[in-house]
Amino acid sequence: MNHNETTDPGTGSALVPASDSSDHGHELLPASLVRDADRFENPGLPAHVHRQADDDPKAARRAERQVATLFGLSMLATLVFLVSYFAIPDESVFFFPGIGRAKTQNVVLGLSLGFAIFLIGIGAVHWAKTLMSDEEVSEERHLQASTDEQRAKAVAVVKEGVESTQFARRPLIKYSLGGALGLFALPLGLQVAGSLGPVTVEELKHTIWDPKDNGGKPIRLMRDPEMTPIKFDEVTNGSVFHVMPETLQKYIDEGKHVLEAKAKAAVILIRLDPNDIKVQKARDWGVDGVVAYSKICTHVGCAVGLYEQQTHHLLCPCHQSTFDLTEDCAVIFGPAKRPLPQLKITVDDAGYLVAPEGFAEPVGPSFWERAR
Ligand code: FES
């Protein structure tokens, strides 16, 4: 302890004056904090600059008169308002170049009231800037950190707590608890790795449009919710169908997992003029202008349900992603990052629309790494 140090009566720790400067006041600080504080130089406050009105009584009186003048002008404007209210006839109109006719009374009332409040504001600001006190004031912060002794005490309390559990002295408990906790982490890992959704793009691609779910046969497109098949010639130009695969019927009949089966399978079927379709693949995967796309938005999975017949745009109502049907459902607006996946369709021997294969890419939000 050097000659400047003393001892904290509460903790018994070494304390020294913060410094001889006024940076820290005359408070006694723990020696470790003083060492830290001494590594930095306090730049202090900039020198105080006195205003003219602080030192010169004449300037102060001048400022006082200016403020009073501004308040007086405000009073005048208010008087103009009061007089105009009664004096200007209601029917009097005024022609403003570029604006047109306006009631004279409204204009005068508005302007006078506006000036009245404006002048009060200007007067108050001028008063504050020239006459009110502008002394800089600083407030010292209290110490934030605990003293070394308080910290040591806290550590001792924790150690005492650990000691009281007899954890260190009971290896059987120590190791069995370690084993229990270690093993407990395994089911969590398994849950994450194995159960929180499909892990490959192939699995993500699978929907009940996959012909494997239909004995390898093409799957008929069914009206939703009637579950009746759709003939190609029933789809007129501009018409829209909400479509489900015929494989859904099995789930409906069994009354199990219907919603899960429907969730990824929703499709929108639209017919447009084949000449409006600009992308060859979209034409090849459709039938004479009849095209089918996943209804699940590629942003975060809302149902894309709005079709603008004139522009051939499909809109998602959730965050306004907009897909262009003529460009293979490319995103032309909104947060979605990829086109709606197209479902390849054709016509079977009986004239019904069928999907010969499932989706070529996963439907819905793109939360996995993709090449496109
Ligand atoms: S879910 Fe469709 S735009 Fe967000």
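Mentor: Let us begin with D348, which is partly exposed, with a relative accessible area of 23%. Please keep in mind that this is a predicted model.

Trainee: With which residue does D348 form a salt bridge?

Mentor: D348 lies in the loop between strand 15 (346-347) and strand 16 (353-355), and its partner lies in strand 6, so the pair ties together parts that are 128 residues apart in sequence. The closest N and O atoms of the two are 3.2 Å apart. The partner of D348 is R220.

Trainee: Is R220 buried, partly exposed or exposed?

Mentor: The relative accessible area of R220 is 24%. Buried would require a value under 20%, and exposed a value over 50%. R220 is therefore partly exposed.

Trainee: Which residue meets R223 in a salt bridge?

Mentor: R223 is in strand 6, and the partner is in the loop between strand 6 and strand 7, 11 residues apart from R223. The N to O distance of this pair is 2.6 Å.

Trainee: Which residue forms a salt bridge with D90?

Mentor: D90 is in the loop between helix 3 (57-87) and strand 4 (93-96), while the partner is in strand 5 (residues 100-103), 13 residues apart. The N to O distance is 2.9 Å, and the partner of D90 is K103.

Trainee: How many salt bridges are there by this rule?

Mentor: The rule asks for a side-chain nitrogen of Lys or Arg within 4 Å of a carboxyl oxygen of Asp or Glu. By this rule the count comes to 13.

Trainee: Which residues are linked with R51 in a network of salt bridges?

Mentor: R51 lies in the loop between helix 1 (31-38) and helix 2 (52-55). Leaving aside residues up to four places away in sequence, R51 touches A128, K129, T130, L131, M132, S133 and D134. One of these contacts belongs to the network. The residues linked with R51 are D54 and D134.

Trainee: Is R51 buried or exposed?

Mentor: A polar atom of the R51 side chain lies 2.9 Å from the backbone oxygen of K129. The relative accessibility of R51 is 16%, and the limit for buried is under 20%. R51 therefore counts as buried.

Trainee: Which residue in strand 7 is the bridge partner of M222?

Mentor: Strand 6 (residues 219-223) and strand 7 (residues 240-245) run antiparallel and are joined by three bridges. Strand 7 is also joined to strand 8 (residues 267-271), again antiparallel, by four bridges; there H242 has I268 as its partner. For M222, the partner in strand 7 is M244.

Trainee: In which strand does R271 lie?

Mentor: R271 counts as buried because its relative accessibility is 15%. Its contacts beyond four places in sequence include F232, V235, D288 and V290. R271 lies in strand 8.

Trainee: Which elements give two or more residues to the largest nonpolar core?

Mentor: This core has 28 residues, of which W209, L221, V243, L269, I345 and L353 touch the most other members. L221, for example, touches W209, V243, L269, I345 and L353 among other residues. The elements are strand 6, strand 7, strand 8, strand 9 (290-294) and strand 16.

Trainee: How many residues form the other core, which lies apart from it?

Mentor: Among the members of this other core are I277, V304, L314 and L340. The core consists of 17 residues.

Trainee: Which residue in strand 12 stands opposite L314?

Mentor: Strand 11 (residues 313-315) and strand 12 (residues 322-324) pair in the antiparallel sense over three bridges. The residue that stands opposite L314 is F323.

Trainee: Which are the edge strands of the open sheet of four strands?

Mentor: The order of the sheet is 10-11-12-13, with antiparallel pairing. An edge strand pairs on one side only, and the edge strands here are strand 10 (306-308) and strand 13 (330-333).

Definitions and conventions: Residues are numbered from 1 along each chain as its sequence is written. This is a predicted model: local features need pLDDT of at least 70, side-chain atom pairs count only at pLDDT 80 or more; totals for chains, interfaces and linings use all residues. Side-chain values use heavy atoms; hydrogens and water are left out. Buried means under 20% relative accessible area, exposed over 50%, partly exposed in between (1.4 Å probe, protein chains only). A polar contact is a pair of N or O atoms within 3.5 Å; within protein, one must be able to donate a hydrogen and the other to accept it, and residues adjacent in sequence count only if both atoms are side-chain atoms. Contact means heavy atoms within 4.5 Å. Two strands pair if DSSP finds at least two bridges between them. A nonpolar core is a set of buried Ala, Val, Leu, Ile, Met, Phe, Trp, Tyr and Cys residues joined through side-chain atoms within 4.5 Å.
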